[in-house]
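Let's take a walk through a protein model and see what its side chains are up to. Have a look at it first, then read on.

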Amino acid sequence: TISGALSDDLTAPRATYRLAPTIEVADREIHEAHARGSVTYTTCDILVHSSNVGAVTIGMDMGKKRLLKWVDEFGFGEPTGVDFPGEVGGIVPREWSGSTIGNLPLGQGIAVTPLQMAAAFGVLANRGVWVQPHLVAQVGTNDAPRAKRRRVVTAKVARQMMSMLTDAVDEGTGTAARIAGYKVAGKTGTAQKPLPDGSGYSKYAYVASFVGVMPSDHPKLVVLVSVDEPHPIWGGVVAAPAVKEIASFALAHLEIAP
């Protein structure tokens with residue numbers, strides 16, 4: 001949502017929004033994960049603090065056509081083409097109800113795979129270029145096919161996003177992913193699971209996730225951890241520490257300097 005809004009010149013990292021505690025969209029009331037009063041947030045603050053109300057506010061400025069354009073640009077709704085059988089493309093809503101504009105900007109009402117999400121963060125790590133993922137680099141003496149590449153956002157937007165995502169780890173919802181000596185960018189995810197009968201979302205079952213990019217000033221790794229039905233439910237609590245452990249080992253093993 002925010003990458004698209006920046007790309008379409010609908011917002012800027014330091015643009016400000018006066019946000020009420022909740023926002024009404026059609027017959028739904030969107031609220032924050034944690035109760036708060038009215039605040040003035042910048043776009044950066046909205047990302048750093050995972051503000052649902054802020055994301056929906058920006059999404060409503062974008063509208064359906066722009067939002068779907070960026071969903072498609074980042075590769076959601078289509079398989080990545082990774083060299084492994086059984087990949088699915090996820091679910092992107094094409095027929096919208098009145099409340100869809102209040103769901104999609106904050107990541108609800110859409111189904112994506114962890115690989116799609118990692119590849120999307122790879123766009124920001126790769127200065128705006130999507131790179132097709134491969135499971136292995138080489139089998140025997142045969143290299144993997146050359147990865148497909150395509151530009152999604154400008155290098156400027158990628159830098160802006162990486163800077164804000166670094167703030168999210170330094171001082172926002174992703175502080176548990178900080179690694180001593182390294183700059184880390186990342187984002188928490190705490191998603192309600194849909195009910196089996198399609199009637200809505202569970203109030204008790206969640207998927208918690210965290211995606212980290214490190215070192216954020218010269219990215220070499222993207223690490224994603226997704227946890228099914230954790231307790232506690234928050235991505236910053238259960239997934240971010242796991243990303244920290246995995247990335248700390250990988251950075252040392254691959255001899256990646258801070």
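A residue counts as exposed when its relative accessible area is over 50%, and as buried when that figure is under 20%. Asp27, at 65% relative accessibility, is therefore exposed. Keep in mind that this is a predicted model.

Asp27 has a partner: its side chain meets that of Arg28 in a salt bridge. Arg28 is partly exposed, at 42% relative accessibility. How many salt bridges does the whole structure hold? A search finds seven, and here are some of them:

| Salt bridge | N to O distance |
|---|---|
| Asp8 and Lys69 | 3.1 Å |
| Arg28 and Asp27 | 3.6 Å |
| Glu32 and Arg36 | 2.6 Å |

Asp8 sits in the loop between α1 and β1 while Lys69 belongs to helix α3, so their bridge ties together parts that are 61 residues apart in sequence. Arg66 joins in too, linked with Asp8 and Lys69 in a network of salt bridges. As for Glu32 and Arg36, Glu32 is buried at 9% relative accessibility, and Arg36 is buried at 19%.

Now for the nonpolar side chains. The largest nonpolar core has 47 residues, and Ile2, Phe74, Val153 and Met161 touch the most other members. Helix α3 gives the largest share of this core, eight residues.

Met161 also turns up where two helices pack. Helices α4 and α5 have their axes 8 Å apart, at an angle of about 110°, so they are roughly perpendicular to each other. Met161 is one of the α5 residues making this contact, and Phe121 is one of those from α4. The contact's residues comprise eight nonpolar, no polar and no charged.

Methods
Residues are numbered from 1 along each chain as its sequence is written. This is a predicted model: local features need pLDDT of at least 70, side-chain atom pairs count only at pLDDT 80 or more; totals for chains, interfaces and linings use all residues. Side-chain values use heavy atoms; hydrogens and water are left out. A nonpolar core is a set of buried Ala, Val, Leu, Ile, Met, Phe, Trp, Tyr and Cys residues joined through side-chain atoms within 4.5 Å. Buried means under 20% relative accessible area, exposed over 50%, partly exposed in between (1.4 Å probe, protein chains only). Helices (H or I, at least four residues) and strands (E, at least two) are DSSP runs, numbered from the N terminus. Axes are lines fitted to C-alpha atoms, for helices over the stretch in contact, and angles run from 0 to 180 degrees between N-to-C directions. Angles under 35 degrees count as roughly parallel, over 145 as roughly antiparallel, 65 to 115 as roughly perpendicular and the rest as oblique. Contact means heavy atoms within 4.5 Å. Ala, Val, Leu, Ile, Met, Phe, Trp, Tyr, Cys and Pro count as nonpolar, Asp, Glu, Lys and Arg as charged, and the others, Gly among them, as polar. A salt bridge is a side-chain nitrogen of Lys or Arg within 4 Å of a carboxyl oxygen of Asp or Glu.
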